[in-house]
Amino acid sequence: MIDIKLIEECRKGNLNNFRKLVELSSPLAFSVAFRMLGDEDQAKDIVQETMITIWQKLRKIRSVEVYRTWIYRIVMNKCYDHLRRRKRNPEFVADEKTWKLISDSICENPSKELENSEIARIINLLSERLSPKQKAVFVLSDIEQMSHDEISAITGMSKPLIKSNLHHARKSISEMVEKFL
Amino acid sequence: MKMKPIRLIIMMILMMVISCDEPETVVSNYVHSDGSVTRKIEMRSAKNNFKTFQVPFDNTWTVKDSIEISAKGDTVWIKRAEKLFKNVEEINLVYKLDTGANKIASRHAGFSKRFKWFNTEFRFSETIDKQLSFGYPVRQFLNDEELKYFYSPESVKSEKEHGSDSLKFRALGDSINHKTDRWAYKNIISEWIGEFTKLTELKDGKGISVGSLKTHEDDMVKVVKKYDKTFDSLWAKGEILKEFIGETDALKYKTEADSALSYAEKHFLIDFKKYSLRIVMPGKLTGTNGFIDSSKVLLWPVDSDYFMTEPYEMWAESKMPNTWAWIVSGFFLLFVITGVIIRIIKKG
Amino acid sequence: MTMIMESEKYNKILNVLRVSKPVLDSTEDIEKEVIKRISKVKKPIFNLSEVIDSLFGWVYIGWVRRTLISASVLLVMIFIYQQGVMLKQINFLSRQIIDNREEMRFSTEQQVEKLLMEYKKPRRGFSSRSITISEKQIKELLDSVNDVKTKYKDLMDIIQNNPELKKLYDDKLIENSRTKIKL
C-alpha cells in the first residue's frame, strides 16, 4: 500500500523503499498508459520514465493524493508526446477482425476479461479518429471512471473543455459503432 | 638639625603659583589600540635655559627646539621631545630611572584592554603615589564645588577669576585656600603623630598610642598656629612637645619626636615642579576624571598638593568597535533569520 | 429507439473495457531498469536545493533551532545594551564639556573679534543683516588695530636687532614659501 511514510523514506534516498514504491505504482501507471497507447512495450517505457521522474520530484510530494495525481499527470503527458509522434506517422488501420472481436465480447460474455492484445486492438480502433486530448478524456472518464475534477487536476483542462472533448469522443466512437456493428 | 618653621613651610605649599625657573611643561600621551604610547613633551620657557625637567627624557627621544615671539614681543623658547613607547612598562622604566626635577615622586602608568565582543574597552592612567602615610584626603575639607575648582587647571581658574563671575570664583578660591590651609596643618601633624607613635613603640614596645594623640590633634593644630613665629626655638627647648604629650613623655621621647618631625617635613615639603598632563585615547572617549575642553582634549594639572595624602590617578577610558565581531555577528544573525524564513516558506 | 440501442452498445463496449484491466506481467523488469537508470544518473555538480538543505537542515531539528534563535536574540540584546551604555557615557561626557564651556564668558576683546569675523563674510550674506556695535567697541577696535601696528613695528625691530632671531625668521620664511610652491 502506498502511504506517506513510504514516500518519505524514498525521499531520504532509500532505494529499497523506492523499489517497493515502483512495484506498487507500476500496475496503476501501466493500466492508463496501455489504454492510451495500445502497445505493451511503449506502455512499459512510459511507466519506467514516469517512475524516474517521480524519483526526481519526490521532494514535492507531501501526500498520497498528490502522489496519485502526479503519477497520472506524468503518464498522460508522456502519452501525449507519443500520440503526437504517432499521429505524424500513422500506423494503425481498422479491420473486420477487430469489429468481430468487439461484437463477440459484448454479445457472448461481457464479463470475460480480454487479453492485453485484444484490449489494445479495441481501444486503438475506437479511438482512431480521436485527438490525444479527446482520447485522454475518454480513457480517464469512461474507462478509468474518474470524475471531472480528477481529470481536470491530471490534464490541466477546464471542466467545460473536458465536457466538450468527452462529447466529441463519445460522438465519434458512437458513429463508428453504428457504422460497423 | 635646623628645623624649618612649619608656618613658612605651609605658606610655601599654600602658594599655588610660585615663581620658579622651571619651564611650563605639557606632557601628551597618545595611546594606541595596541597599548603603545607616543609621548610628547612640550616645554616653554622665557629663557633658553632648560635645566630642570619635570618629566624625564633622554637622547633616545626625538628632540626639537624652536622659538616663538608673543604679541607683546616676548620671546618664548620651546623644547619638544617625542618618543614611541611599545608599552607602559617602558614608560614606567623611564620613571623609575628618573633623575630629573620630580624624581621624588613615584610615578607609573597603566594600560588595560578588555575585549567585550562588539567593542574593545581601553583604560589608560598615570598615577602618582601619595607622599604622606597618615594624611587626610582633601575631600574631607572641601565640598563638591570647591573640589572641582581645586583640581581645575590654572588656565581655567584664571579665566574664571577674570570673567563675568570673577567675584564668585575669587571668593571660592579664598575659601579653598583657607580650608586647604587647615588641611595642610592637619596633615603634617597627623604624619608626625603616625611616625612618632611608631618610633616610640619601637623604642620600648609600649610607646604612646595613636588614639590618645589623635584625640588631641585639633589642639595640636591650635598650638602650632599659636606659636607660629617662635616654633623653632620652642620646639628645640621641648616646650611644644610638653604641651603635646606632657613633660615626662616629652623628656623620654625627645629623640623620637625630632626624628618624626624630620620625617614629616621631608615627606610634606617635596620639591615638585608642576606640569600638565594630556591623554588622547583610541576610539570614542567614554569616561575620565580629567578636564575636557571644547576640543575634547583631556587635561590634568599635576601638582604636589594632589598627591600629598592620596594617590593622584589621572585616567581615561574609551571604546573602539571590533569590526570583525560586527561582521561575524551580522552573518550569524543573517544565517539564523534565513533559516527561519526558509522553514516558514516550506511549512507554508 | 435506435439511439437507445446505440447507447446500449456503447455502454456494453465500455463495460468490457472496464472489466478488462491491462495486466502488467512483471514489475521486476521495470524495477530493475528504473533502479539502474537512477543509479547511473550523475548528480549535478551543484544542486542548489541540496546545498540549502545541508546548510539549513538544522531548522527542522527543534532544539537546535530554538538554541540558535535564543543565541541570536541574546546577541542582539547584548549589542543594544553595550551601545546603550556607551551612548549614555558619551552623552554624559558631552554634557560635561558643555558645562565647562558655558561657564566661560567672552571677554570684550573676543566680542570685537566676533564682530570682525561677521564683517569679513561675503557681502551678499551680510547685507541682509545688521549688526549693532557700540562706540566703545569701535574705540576698542581702533585701539586694537593701532596696537597691532605698533607691536608689529616693535617685533620687526627686535628681529632685526637679534641675529639669532633674524636667522630663524628668514629660515621660516623660506620654509613657508617652499610649502606654498608644493601646494
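Biologist: Which kind of crossing does α2(A) make as it passes α3(A), left-handed or right-handed?

Modeller: This is a predicted model, where local features need pLDDT of at least 70 and side-chain atom pairs count only at pLDDT 80 or more, while totals for chains, interfaces and linings use all residues. Residues are numbered from 1 along each chain as its sequence is written, and chains are lettered from A and ligands numbered from 1 in the order in which they are written. A crossing is left-handed if the near helix is turned anticlockwise from the far one by less than a right angle, and right-handed if clockwise. As α2(A) passes α3(A), the crossing is right-handed.

Biologist: How does α2(A) lie relative to α3(A)?

Modeller: Helices (DSSP runs of H or I, at least four residues) and strands (E, at least two) are numbered from the N terminus. Helix α2 (residues 15-37) and helix α3 (residues 40-56) of chain A pack at about 135 degrees with axes 8 Å apart, where axes are lines fitted to C-alpha atoms, for helices over the stretch in contact, and angles run from 0 to 180 degrees between N-to-C directions. Angles under 35 degrees count as roughly parallel, over 145 as roughly antiparallel, 65 to 115 as roughly perpendicular and the rest as oblique. That makes the placement of α2(A) against α3(A) oblique.

Biologist: How many nonpolar residues are in the contact of α2(A) with α3(A)?

Modeller: Two residues are in contact if their C-beta atoms, placed from the backbone, lie within 7 Å. Those making this contact include A:Phe18, A:Val22 and A:Phe30 of α2(A), and A:Ile46, A:Val47 and A:Trp55 of α3(A). Ala, Val, Leu, Ile, Met, Phe, Trp, Tyr, Cys and Pro count as nonpolar, Asp, Glu, Lys and Arg as charged, and the others, Gly among them, as polar. The contact has four polar and two charged residues, and its nonpolar residues number twelve.

Biologist: How many charged residues are in the contact of α5(B) with α7(B)?

Modeller: Helix α5 (residues 166-204) and helix α7 (residues 217-226) of chain B pack at about 115 degrees, with axes 10 Å apart, and their crossing is right-handed. Among the residues in contact are B:Lys186 of α5(B), and B:Glu217 and B:Lys225 of α7(B). Beside six nonpolar residues and one polar, the number of charged residues is three.

Biologist: Which element supplies the largest share of the side of chain C that touches chain A?

Modeller: Here 24 residues of chain C are in contact with 35 of chain A. α1 (2-19) and α2 (27-40) of chain C each supply at least two residues of that side. The largest share, eleven residues, comes from α1(C).

Biologist: Which element supplies the largest share of the side of chain B that touches chain C?

Modeller: The contact joins 28 residues of chain B to 27 of chain C. β3 (62-69), α4 (154-161), β8 (284-288) and α12 (323-347) of chain B each supply at least two residues of chain B's side. The largest share, seven residues, comes from α12(B).

Biologist: What percentage of the residues of chain C count as buried?

Modeller: Chain C has eight helices and zero strands. A residue is buried if 20 or more other C-beta atoms lie within 10 Å of its own, exposed if 12 or fewer, and partly exposed in between, with C-beta atoms placed from the backbone. Of its 183 residues, the buried share is 5%.

Biologist: What is the bridge partner of B:Asn119 in β11(B)?

Modeller: Strands pair if DSSP finds at least two bridges between them. β6 (residues 119-128) and β11 (residues 312-321) of chain B pair in the antiparallel sense over ten bridges. In β11(B), B:Asn119 is bridged to B:Pro321.
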